[in-house]
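Good morning, colleagues. Please take a moment with the sequence and the model on the screen before I go through them.

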Amino acid sequence: MFLNYESKDIRNVAIVGHASKGKTTLTEAMLYVTGATERMGKVAEGNTVTDYDAEEKKRSLSTSSAVAPVEYKNTKINFLDTPGLFDFAQGAAEGLRGAETAVIVVSARSGLAVGAEKAFKSAGSRNMARIFVATKMDDDRADFYKSFNGMVAKFGTMVCPIVVPVIAGGKVAAYYSMIDDTTYSYNGTNVALTEVEPDDTARFEAIKEVFSEAVAGTDEELMEKYFGGEELTRNDKIKGLRIGIADGSIIPVFALSGLTGEACDLLVDFIAEVCPAPKSEYAISDDEPVELVSDSNGPLAAVCFKTVADPFIGKLSFFKVISGKITASTVPYNANTGKEEKMGKIVTMFGSKQMECAEIPAGDIGAIVKLSGFNTGDTLCSADNVVKLDGVATPNPTYAMAVHAVKKGDEEKIASGLSRLSEEDPSLKFYTNNETHQQIVKGLGEQQLDVTIARLKSKFSVDVNLSVPKVAYRETITMKVSAQGRHKKQSGGHGQFGDVFIEFEPYDCERLEFAERVVGGSVPKNFFPAVEKGLNECMEKGVLAGYPMVGVKATLYDGSYHPVDSSEMSFKMAASIAYKEGIAKAAPIILEPVSTVKVLCNEDAMGDIIGDINKRRGRVLGMTPAGEGMQEILTEIPDAEMTTFSTSMRQITQGRGSFEAEFARYERCPEHISQKIIAESNQN
């Protein structure tokens, strides 16, 4: 059970960065050094606090965000461990929405990676405090100074060393804290003061100078003191760091080892002492912005940043209280749905462990069990003071696959299960394509869909297969023709007779444009609707490959009837015969859907991206600089070529690129593609 802390004594910290750089391992170390756990779990052994899901244990990677709070030196720190794989970017977005500080993990062995760059940019867009952690210092191949120089080259002089390794005898012998002006040696997490002379004293002194100038530059008083030749005290350094980390002029860098726990205590000390407490936020009330101060006595405002939908424990809504407090007696109003919610049990989450609590005050993070209408991005407030907060920056899903039930009759269970899972992960979309009649699941990449299908089986007992979605082709005609449809059938009693002459021509319309110019009553008016209905039914299937027919004008201009044997059914059949004969002669073609695609990519990948677009029969319409070394490419690509585009984009741009696609129009399909489509339809 955790105590209630004032907002000023709470720290919300998201652990973000590239995949496999040690985020969960670092989280484990920080939980251990703060006394929250009795041992450090290992990702490979599947016993960490924050990777508790069965799929995470099986794959040895994080697939969603997780919360682990600790009490440390009169401060409550909520650690939000997030996934690094781009397929699970929703988890990183959730963590950043719940935090004020982003700890960006970088491997000291491999240096700055794309995921760290993206996390830095995302956190910056939210005006968050940012810290770089160069972990894996226990590795013989680790090179802190190479990693640090890479950060400086990318982000400039705002990058400031706080804890650096002391290299003696070619190995990490200790860690030096710029704040304490002290060197610490470690045996695992056990720490001792030491005095070690570094191999490269000149470089060591130079990096201390970098720190002092960065801190002094945050405040005029400190600057005068420093350039006046006075030594900055510890309090001076803390003051300067608090200013710099809050306004973004200082990006601290820590060297440590998450695996052994070395120097992790120095990072946690920094988080508790220097990092910002929850701050005020702006919300929208009656279309006007209002500032909400992080005060438990203020009006209620809380945002849901994560949802867990489990068939056994029910729905679990993670939230951060921006203003006011949430208690068991709170009558919450959902600003997004406009409805009051029925309050469930309030809990604090420690990984998968639920701890019931009486209230969650301003600035803190908690969860509510079985709050049915409260979804990711929604705002809880009071009905007499409705405000709406910023939601979660959900990434746009671009990778789609068709879902097929292994067992017939499971389609409804699939729909129910995937709808629940997409409620849990808003970057996952599920829908039925009305044209192809396929169930489609859309996400950020192959691994996300793979995990989704595994969870569908384990949580909802539904087994499915995935396949490339069908393309919603259409057919039309290119010539004007006339055709007769004559239906005659005689069988005891009344027979059947209908005779029509119809002119078919291309026309700018979505489906069928029906007209008539019958003279002399050769076809009675009461049979016109039957002819139109018969043609509309035929338009559902084209004559080439069975795709819906569009852009056709049919004009009934002549025919004949029998006063006894003619009926509506007879004329429907006659219209059908005329359709099949006429459309086949009208030079039918296949149309394919084409989308307008806006591609955002790094400039050095632009040539390869354009080459890939050309291979997909795409057309580049224009290019515009997007700043920060990025280019926006406006292009049109046939939908049939888009299936693997997201995968190629990620490979070519190393994950830096993104794109948005929007349906533009239907275009004539090239002849060689049409022949393949027709051949495939004949096989089926």
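I begin with a definition: two residues are in contact when heavy atoms of theirs lie within 4.5 Å. Please also keep in mind that this is a predicted model.

With that term in hand, consider Gln-90, a residue of helix H3. Which residues does Gln-90 touch, not counting residues up to four places away in sequence? They are Thr-376, Val-392, Thr-394, Pro-395, Asp-425, Pro-426, Ser-427 and Leu-444. Gln-90 has a relative accessible area of 2%, and therefore counts as buried.

Let me now step back to the chain as a whole. It has 684 residues, of which 53% count as buried. Its secondary structure comprises 16 helices and 35 strands. The C-alpha trace spans about 110 × 60 × 50 Å along its principal axes. Among contacts with a separation of 6 or more, 72% come from residues 24 or more positions apart.

In soluble globular proteins, nonpolar side chains tend to be buried together. In this model the largest nonpolar core has 95 residues, and Leu-26, Phe-144 and Phe-270 have the most contacts inside it. Helix H9, residues 264-273, gives the most to this core, namely seven residues. Phe-270, leaving aside neighbours within four places in sequence, is in contact with Ile-131, Ile-162, Ile-179, Leu-241, Ile-245, Pro-252, Phe-254 and Cys-275. There is also a second, separate core of 28 residues, which includes Met-539, Leu-556, Ala-575 and Tyr-579.

Helix H4 is my next example. It runs over residues 114-125, and its 12 residues reach 17 Å from the first C-alpha to the last, close to the 16 Å expected. Which residues of H4 are buried? They are Val-114, Gly-115, Ala-116, Glu-117, Ala-119, Phe-120 and Ala-123. The cover over these buried residues includes helices H3 and H5 as well as strands S1, S4, S5 and S10. After H4 comes Asn-127, with a positive phi near 55 degrees.

We move on to a sheet. Eight strands form an open sheet with antiparallel pairing, in the order S17-S16-S22-S13-S14-S21-S18-S19. Its edge strands, S17 (339-340) and S19 (353-356), each pair on one side only. Within the sheet, S13 (residues 301-310) and S14 (residues 314-323) are joined in the antiparallel sense over nine bridges. Asp-310 has Gly-314, in S14, as its bridge partner.

Asp-384 is found in the loop between strand S22 (379-381) and strand S23 (399-405). Is Asp-384 buried or exposed? Its relative accessibility is 72%, so Asp-384 counts as exposed. Its side chain makes a polar contact with the side chain of Ser-382, at 3.0 Å. Asp-384 and Gly-611 are 227 residues apart along the chain, and their C-alpha atoms are separated by 57 Å.

Finally, the cysteines. How many disulfides are counted in the model? The count is zero. Cys-381 is in no disulfide, as the nearest cysteine sulfur, that of Cys-304, is 14 Å away, whereas the cut-off for a disulfide is 2.5 Å. Cys-381 is buried, with a relative accessible area of 0%. Cys-669 has a relative accessible area of 4% and is likewise buried.

Thank you for your attention.

Note on methods: Residues are numbered from 1 along each chain as its sequence is written. This is a predicted model: local features need pLDDT of at least 70, side-chain atom pairs count only at pLDDT 80 or more; totals for chains, interfaces and linings use all residues. Side-chain values use heavy atoms; hydrogens and water are left out. Helices (H or I, at least four residues) and strands (E, at least two) are DSSP runs, numbered from the N terminus. The expected span of a helix is 1.5 Å times one less than its number of residues. Buried means under 20% relative accessible area, exposed over 50%, partly exposed in between (1.4 Å probe, protein chains only). A nonpolar core is a set of buried Ala, Val, Leu, Ile, Met, Phe, Trp, Tyr and Cys residues joined through side-chain atoms within 4.5 Å. A polar contact is a pair of N or O atoms within 3.5 Å; within protein, one must be able to donate a hydrogen and the other to accept it, and residues adjacent in sequence count only if both atoms are side-chain atoms. Two strands pair if DSSP finds at least two bridges between them.
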